[in-house]
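User: Hi, could you walk me through this one? I'd like to start with the rings.

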Amino acid sequence: MKRRIAGFFALLLAAGCASGLSAQYSSPTGQFAQRVLAEHNRERDRAGIPRLAWNHRLESDAQAWAQTLAREGWLRHASRSENGGAGENLWMGSAGYYAIEEMVAAFTSERRHYRHGTFPDVSRTGNWQDVGHYTQIVWRGTREVGCAMARGAQDDFLVCRYWPAGNWMGQRPF
């Protein structure tokens with residue numbers, strides 16, 4: 001039986017990042033990267049906005065953070081100094097039970113609560129956190145993504161990093 005999955009909203013992050021971050025993008029390597037990028041771009045296609053490029057530096061940073069979460073056994077967002085100002089979506093669920101498409105679908109399923117507006121007034125529920133993963137994925141200004149997974153004692157941890165970060169107060173997602 002599948003256990004309940006957990007997710008946290010995308011962080012509100014200010015601009016700024018380590019130099020050279022966006023110079024690391026290219027075609028994703030490996031089946032995992034190709035599948036996760038395809039799921040992100042499927043949602044962006046649906047929203048009618050430009051596709052994301054894969055960023056290997058974001059992937060590497062996400063891998064390090066996923067391993068940290070797997071060791072700790074719980075979800076928490078990286079601090080701004082730990083993520084270089086990138087946006088971040090997190091997911092965890094029972095180890096070995098979920099396909100990458102299901103993990104990303106946990107983020108994109110928030111579309112059902114989304115209403116177009118100015119952030120943070122973008123949720124039919126009145127709580128932007130109910131759509132924070134979704135809005136980070138479809139944030140028009142976001143151009144790059146890198147994701148990675150790590151397995152803990154009981155759970156898999158998915159970390160996706162986005163550049164530039166989305167979910168800016170006073171702006172429209174797309």
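User: Which residues form one aromatic cluster?
Analyst: Tyr114, Tyr134 and Phe174 do. Rings of Phe, Tyr and Trp (its six-membered ring) pair if their centres lie within 6.5 Å; planes under 30 degrees apart count as stacked, over 60 as edge-to-face and the rest as tilted. This is a predicted model: local features need pLDDT of at least 70, side-chain atom pairs count only at pLDDT 80 or more, and totals for chains, interfaces and linings use all residues. Residues are numbered from 1 along each chain as its sequence is written, and side-chain values use heavy atoms, leaving out hydrogens and water.

User: How many aromatic pairs does that rule give?
Analyst: The count comes to five. Among them is Phe119 with Trp139, edge-to-face at 5.9 Å centre to centre and 85° between the planes.

User: What does that pair tie together?
Analyst: Phe119 is in the loop between helix H4 (100-108) and helix H5 (132-138), and Trp139 in the loop between H5 and strand S5 (144-151), so the pair links parts 20 residues apart in sequence. Helices (H or I, at least four residues) and strands (E, at least two) are DSSP runs, numbered from the N terminus.

User: Are Phe119 and Trp139 buried or exposed?
Analyst: Both are buried, meaning under 20% relative accessible area; exposed is over 50%, partly exposed in between (1.4 Å probe, protein chains only).

User: New topic: what is His40 in contact with?
Analyst: Leaving aside neighbours within four places in sequence, His40 touches Leu52, Val104, Ile137, Val145, Cys147, Cys160 and Tyr162 (contact means heavy atoms within 4.5 Å). His40 lies in helix H1 (residues 31-47) and is buried, at 0% relative accessible area.
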